[in-house]
Amino acid sequence: MIQHKIHILPDHIANKIAAGEVIQRPESVVKELLENSLDAGSKDTAVVIKDGGKKLIQVVDDGTGMDEQDAVASFLRHATSKIASYEDLEEITTYGFRGEALASIAAVAQVTMKTRCIDDEAAVVVHIDGGGTPRVTREGREPGTSVFVQNLFYNVAARRKFLKSTNTEFRHVYDAVQRVALSHPEIAMRFVSDDETILDLKAETLQGRVLDIFGERQLDGMIWFEEKSEVISLHGYIGKPTFGQKSRANQYLFLNRRYIVNRNINHAVFSAYENLLVKGSFPFFLLFLDIDPRRVDVNVHPSKMEAKFDDEQNIYRFVSTVAKKALAVREFVPALSFGGEGTSSSGIGLGFTDRQHSWPSAADIRSITGFEGSATIDRATGEIILSKSVPDGTQLARQLLLAQEDTAASAERAHVVWQLHNKYILTPIENGLMIIDQHVAHERVLYERVLERFDNTPRSPQQVLFPFTLELTAGDHALVIELLPYFEKLGFAIKPFGKNTVMIEGVPPDLRQGSNEKIIEEILSLYKEYHQESPMEVRDNLAKSFSCKAAIKAGDKLSEQQMKSLIDQLFSTKMPFVCPHGRPIVLKISTEEFDRRFGRT
Ligand code: ADP
Ligand code: MG
């Protein structure tokens, strides 16, 4: 007789194995149970845990509830009311659909569910120990469902061992509760841990909920935004650069209100900060991305924390554009203060003061740029009211900067500029003195110009009078050849010229005087340095290396005309206040500060 080796595992073992995918720790139980409550249309939920959820997890809701038959069936594997066919799977609008959660939880814990649907007189109580046979009784209860999960992994020693301290498990559970609270502000939520009420949130708007959870001080560090295209809608908050975080913990991404993790989209937000953040700090964000469910697949991971998008690249671009725009409407001028109380910046990030409450005056701006836009800033809210249509990001940033009550008469251009130690440009503004670092100012101008050039047709280079050859190391030579198309876009005319040698026939017109000869090598060396520090896109790296090396330097004497033109150009950039490396470009000292220093007040 043949001895067969293969047999089908009994359900209770299969369920235990399957549970491992869905249920890792108390947090996963809380997430699954809360999602069931949301799917059941609950408006008021409570989560109670003991010992970080290791001893008890209880989720109570006022949703639809279940009758006896459904209540018992709900614990079977692949038992779901949410999809019936494969087609339904293409268009998921509920959190659950795999029908695994309750079966998995019941396989590895002692579970009691009390549930009553509105039509029933009493609640059904289903009790299951470690995936055994359900015991059913009846009891009084309000319509809705409560699920008690006790002694998680009591029958799976290996998994129980991996649970962390009460405190750690508590933090994970808290995170799960907080995510649901943030994505469902319209639902009242209570969270109790070891008899202590941690959260008691009433139904709110998103703004109200964010305030309840993060508090006023943190809310101050955030910028609200919302934007829609035909297929994507995005809203939420992103942190001001001054609200840099020590870790990625405060980065929330919700896809159709489901919390997901997606490195690509995170990066899209990160990229919008373009060096506004100091090294090692992370942006805060709370993004709500809504996309037609047919265009995404959330069934790629058992816990559904990941998603596949039909068109991830477009989404990347959309997110990064929206984030950039949100950041551009705020101005981050470092206002100089000499210590003393109340005036210093927050001390986080770059130490910039976000000047929402003291925008530059119309005259300030006009005196520098001669711009006569008509736009106003609501001083109470910091909202910008533009009287003209706003075409694109650059224009927007510019107009916002220039936005002010348009009362003063004709604009007066910056009639006085001084250069200090061939390094700084000083110019009076209505309410004080503005100081500009000439090198970083020019760097910012070139940087944006170059990025634009990469996107457009190359400029014709300015032929050099005497083309010259350049002998490079083999490595640098290979690098130049590799980057040749980019150099062309920058406005260089470079030709291979024998072994490790290139011929320079043309250079960009905006090169700093007298830097022709060495510029290529300087750019290459900086390029390599940046590349080592952190991998970034070729174009971004080259734009930075080029603008740093081609910009006028500290020590360059500038004519009055050059200074005025630099100021003009600077204030036409998207980010006139921060250089591509995150250093400040402009400082302002107010007349009050002078008065204070001279003892006039
Ligand atoms: P899924 O959510 O993927 O359908 P679950 O195992 O989480 O699978 O739940 C199984 C079924 O039990 C759900 O489809 C739903 O019909 C029912 N159910 C679970 N929890 C609740 C609840 N809190 N209120 C009402 N029905 C629920
Ligand atoms: Mg579920």
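**Exercise 1.** Which residues in α14 meet which residues in α16?

*Solution.* The model is predicted: local features need pLDDT of at least 70, side-chain atom pairs count only at pLDDT 80 or more, and totals for chains, interfaces and linings use all residues. Residues are numbered from 1 along each chain as its sequence is written, and side-chain values use heavy atoms, without hydrogens and water.

Step 1. Locate the helices, which are DSSP runs (H or I, at least four residues) numbered from the N terminus. Helix α14 covers residues 474-490 and helix α16 covers residues 538-550.

Step 2. List the contacts (heavy atoms within 4.5 Å). From α14 come Leu483, Tyr486, Phe487 and Leu490; from α16 come Val538, Arg539, Leu542 and Phe546.

Step 3. Sort by class. The contact has 7 nonpolar, no polar and 1 charged residues.

**Exercise 2.** Describe the geometry of the α14 and α16 pair.

*Solution.* Step 1. The angle is about 50°, and the axes lie 11 Å apart.

Step 2. Angles under 35 degrees are roughly parallel, over 145 roughly antiparallel, 65 to 115 roughly perpendicular, and the rest oblique. The pair is therefore oblique.

Step 3. The crossing is right-handed.

**Exercise 3.** Where are Asp51 and Asp194 found, and what is the phi of each?

*Solution.* Step 1. Most residues other than glycine have a negative phi.

Step 2. Asp51 has a positive phi, near 55°. Asp51 sits in the loop between β1 (44-50) and β2 (56-61).

Step 3. Asp194 also has a positive phi, about 45°. Its loop joins β7 (188-193) and β8 (196-201).

Step 4. Check accessibility: buried is under 20% relative accessible area, exposed over 50%, partly exposed in between (1.4 Å probe, protein chains only). Asp51, at 29%, is partly exposed. Asp194, at 41%, is partly exposed.

Key:
Chains lettered and ligands numbered in written order. Axes fitted to C-alpha atoms, helices over the stretch in contact; angles between N-to-C directions. Helix = DSSP H or I, 4+ residues; strand = E, 2+ residues; numbered from the N terminus. Left-handed = near helix turned anticlockwise from the far one by under 90°. Nonpolar A, V, L, I, M, F, W, Y, C, P; charged D, E, K, R; others polar.
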